[in-house]
Amino acid sequence: MEQPDKGTVRDLVCYRLETAKNDLRTTCMLMRENEYRTANNRAYYAIFHAISAIHAIDGKVYKRHKDSLANFNKDYIRTEIFPKAFGRKIIDAEEIRHASDYDDFYIATKAEAEEQITTAKELIGLIEGYCLSRMEVD
C-alpha cells in the first residue's frame, strides 16, 4: 500500500490542536451525562494533545507522556512563556486522569472534572495562540 504524503509541521500542529479541541468537546458531552471519571480522562488528553502541538513546532517527539509533560514544564513553564500555575495544574490533571482510569475505588467529583475542563480550555487557548504566532514568524 502506498504511503500518503507526509504533512508539514504546520499540518501536524493544527492536527494536534484540533485533536485537543475534539477531546475537550467530548469532555463537555461526558459532563452533561455525569460521567466524571471519563471526563477527567478526556480533559487530560485535551491538555496532552495541546502540549504535543508545541513539541511539534520545536521538532521534538516523546514516547512517554511523562517526558512530554516534563519537557513542556522545562521549556515553557519554568521559562514563564506560560504562567507557572499551569505547571501544577498539568501535574494534577495527569494524576487525576491516572486515578480515574486505574484506581478501582476512586470517586471522581463534578467539581474536580470541571476544574480539569477549565484547565484544558485555558491551556488550549494559550497554546493555540502561541503556536499560531510561532507559525506566522517561521
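**Cys131 and its closest cysteine sulfur, in Cys14.** In this predicted model, the sulfur of Cys131 lies 8.6 Å from that of Cys14, which is too far for a bond. A disulfide is a covalent bond between the sulfur atoms of two cysteines. Here the term is applied to a pair of cysteine sulfur atoms within 2.5 Å, and by this rule the count comes to zero disulfides. Cys131 is buried, with a relative accessible area of 0%, whereas Cys14 is partly exposed at 35%. Buried means under 20% relative accessible area, exposed means over 50%, and partly exposed is in between, with a 1.4 Å probe and protein chains only. Residues are numbered from 1 along each chain as its sequence is written, and side-chain values use heavy atoms, leaving out hydrogens and water. Because the model is predicted, local features need pLDDT of at least 70 and side-chain atom pairs count only at pLDDT 80 or more, while totals for chains, interfaces and linings use all residues.

**The largest nonpolar core, with Phe72 and Ile127.** A nonpolar core is a set of buried Ala, Val, Leu, Ile, Met, Phe, Trp, Tyr and Cys residues joined through side-chain atoms within 4.5 Å. The largest one has 37 residues, of which Phe72 and Ile127 touch the most other members. Two or more residues come from each of helix 1 (9–32), helix 2, helix 3, helix 4 and helix 5; helix 2 gives the most, with 13 residues. Helices (H or I, at least four residues) and strands (E, at least two) are DSSP runs, numbered from the N terminus. Leaving out residues up to four places away in sequence, Ile127 touches Leu17, Ala50, Ile51, Ile54, Phe72 and Phe82. Contact means heavy atoms within 4.5 Å.

**The buried side of helix 3 (residues 65–77).** The buried residues of this helix are Ser68, Leu69, Asn71, Phe72, Asn73, Asp75, Tyr76 and Ile77. They pack against helix 2 (36–57), helix 4 (85–102) and helix 5 (110–137). One of these residues, Ser68, is in contact with Ser52. Ser52 is found in helix 2 and is buried, with a relative accessible area of 10%. Ser52 also touches Arg16, when neighbours within four places in sequence are set aside.

**Aromatic pairs, including Tyr45 with Phe48.** Rings of Phe, Tyr and Trp (its six-membered ring) pair if their centres lie within 6.5 Å; planes under 30 degrees apart count as stacked, over 60 as edge-to-face and the rest as tilted. A search of the whole structure finds eight aromatic pairs. Tyr45 and Phe48 form an edge-to-face pair, 6.3 Å centre to centre with 80° between the planes. Being three residues apart in helix 2, they are separated by about one helical turn. Both Tyr45 and Phe48 are buried. The ring centres of Tyr76 and Phe82 are 5.9 Å apart and the planes lie at 45°, so this pair is tilted. Tyr76 and Phe82 are buried as well, and ring pairs link Phe72, Tyr76, Phe82 and Tyr130 into a cluster.

**Lys89 over the ring of Phe86.** The charged end of Lys89 sits over this ring, 5.1 Å from its centre. A charge sits over a ring if NZ of Lys or CZ of Arg is within 6 Å of the ring centre and within 35 degrees of the ring normal.

**The salt bridge of Lys21 and Glu128.** Side chains of opposite charge can pair when their charged atoms come close. A salt bridge is a side-chain nitrogen of Lys or Arg within 4 Å of a carboxyl oxygen of Asp or Glu, and the whole structure holds 11 of them. In the pair of Lys21 and Glu128, the closest N and O atoms are 2.5 Å apart. Lys21 lies in helix 1 and Glu128 in helix 5, so the pair ties together parts that are 107 residues apart in sequence. Lys21 is partly exposed, with a relative accessible area of 23%, and Glu128 is partly exposed, also with 23%.

**Salt bridges of Asp75 with Lys60 and of Arg64 with Asp67.** The closest N and O atoms of Asp75 and Lys60 are 2.7 Å apart. Asp75 is in helix 3 and Lys60 in the loop between helix 2 and helix 3, 15 residues apart. Asp75 counts as buried at 19% relative accessibility, whereas Lys60 is partly exposed at 29%. For Arg64 and Asp67, the closest N and O atoms are 3.0 Å apart. Salt bridges that share partners join Lys60, Lys74 and Asp75 into one network.
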